[in-house]
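Colleague: Please go through the side-chain pairings in this model with me.

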Amino acid sequence: MMHIKLPKKIKHILILGFVAGFILALGTTLGSGYMIEATSKDNFCISCHSMKPFRTAWKKSKHGGRNSKGLVAQCTDCHLPHGDLINYVSAKAYTGMHDFVQNLIIDPNEHDWIGKTEARREFTYDNSCLKCHQNLTEGLTISGIMAHREYFLGDLDKRCVDCHKHVGHKDLKTEVKKYFGQ
């Protein structure tokens with residue numbers, strides 16, 4: 001086996017490059033985890049002024065903590081797909097950039113916020129609902145159990161938000177009208 005003898009200066013540069021690369025990779029990994037967490041809370045989401053009435057309506061709902069267990073679902077718990085990390089992070093990046101650009105180009109006072117709720121399938125995911133609501137038969141009526149049974153069997157072309165239209169944001173229309181004067 002042949003050894004290649006590198007000059008001392010090149011060895012130092014390689015070691016310095018390795019250490020710098022390791023520190024950069026570690027910082028990026030830890031920083032990205034911190035950024036994912038920091039941008040997943042309602043305080044971050046309302047940094048765009050147009051989200052304020054949505055937060056108010058959410059805080060009045062069961063998902064905002066008004067439930068017997070005091071549980072609070074954050075915006076990303078419902079509005080990002082759950083499952084694998086790559087899908088979650090890519091959807092988070094796309095949604096964040098989309099929302100940022102939209103807040104630059106739309107007039108929030110003229111935007112049809114209530115009409116946009118009809119497209120709720122685009123920004124609320126069944127796997128997000130199912131992450132928390134695993135036992136769907138608990139406390140349901142017979143017809144509710146039957147409806148969910150058909151859903152799980154795939155006999156319905158429905159998503160959770162098709163039947164549960166106003167879940168997550170109590171009195172949303174009222175809050176939007178109050179805030180934007182629509």
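**Salt bridges and a buried serine**

Modeller: Asp171 counts as partly exposed, because its relative accessibility is 38% (buried is under 20% relative accessible area, exposed over 50%, partly exposed in between, with a 1.4 Å probe and protein chains only). This is a predicted model, in which local features need pLDDT of at least 70 and side-chain atom pairs pLDDT 80 or more, while totals for chains, interfaces and linings use all residues. Residues are numbered from 1 along each chain as its sequence is written, and side-chain values use heavy atoms, with hydrogens and water left out.

Colleague: With which residue does Asp171 form a salt bridge?

Modeller: A salt bridge is a side-chain nitrogen of Lys or Arg within 4 Å of a carboxyl oxygen of Asp or Glu. For Asp171, the closest N and O atoms of the pair are 3.4 Å apart, and the partner is Lys60.

Colleague: How many residues apart in sequence are the parts that this pair ties together?

Modeller: Asp171 lies in the loop between α9 (160-163) and α10 (172-180), and Lys60 in the loop between α3 and α4 (75-79). Helices are DSSP runs of H or I with at least four residues, numbered from the N terminus. The separation in sequence is therefore 111 residues.

Colleague: Is Ser50 buried or exposed?

Modeller: Ser50 lies in the loop between α2 (42-45) and α3 (52-59). Because its relative accessibility is 0%, Ser50 counts as buried.

Colleague: Which side chain is joined to that of Ser50 by a polar contact?

Modeller: Leaving aside neighbours within four places in sequence, Ser50 is in contact (heavy atoms within 4.5 Å) with residues including Pro108, Trp113 and Phe180. The polar contact (a pair of N or O atoms within 3.5 Å, one able to donate a hydrogen and the other to accept it within protein, with residues adjacent in sequence counting only if both atoms are side-chain atoms) spans 2.8 Å, and the partner is Asn103.

Technical notes. Helices (H or I, at least four residues) and strands (E, at least two) are DSSP runs, numbered from the N terminus.
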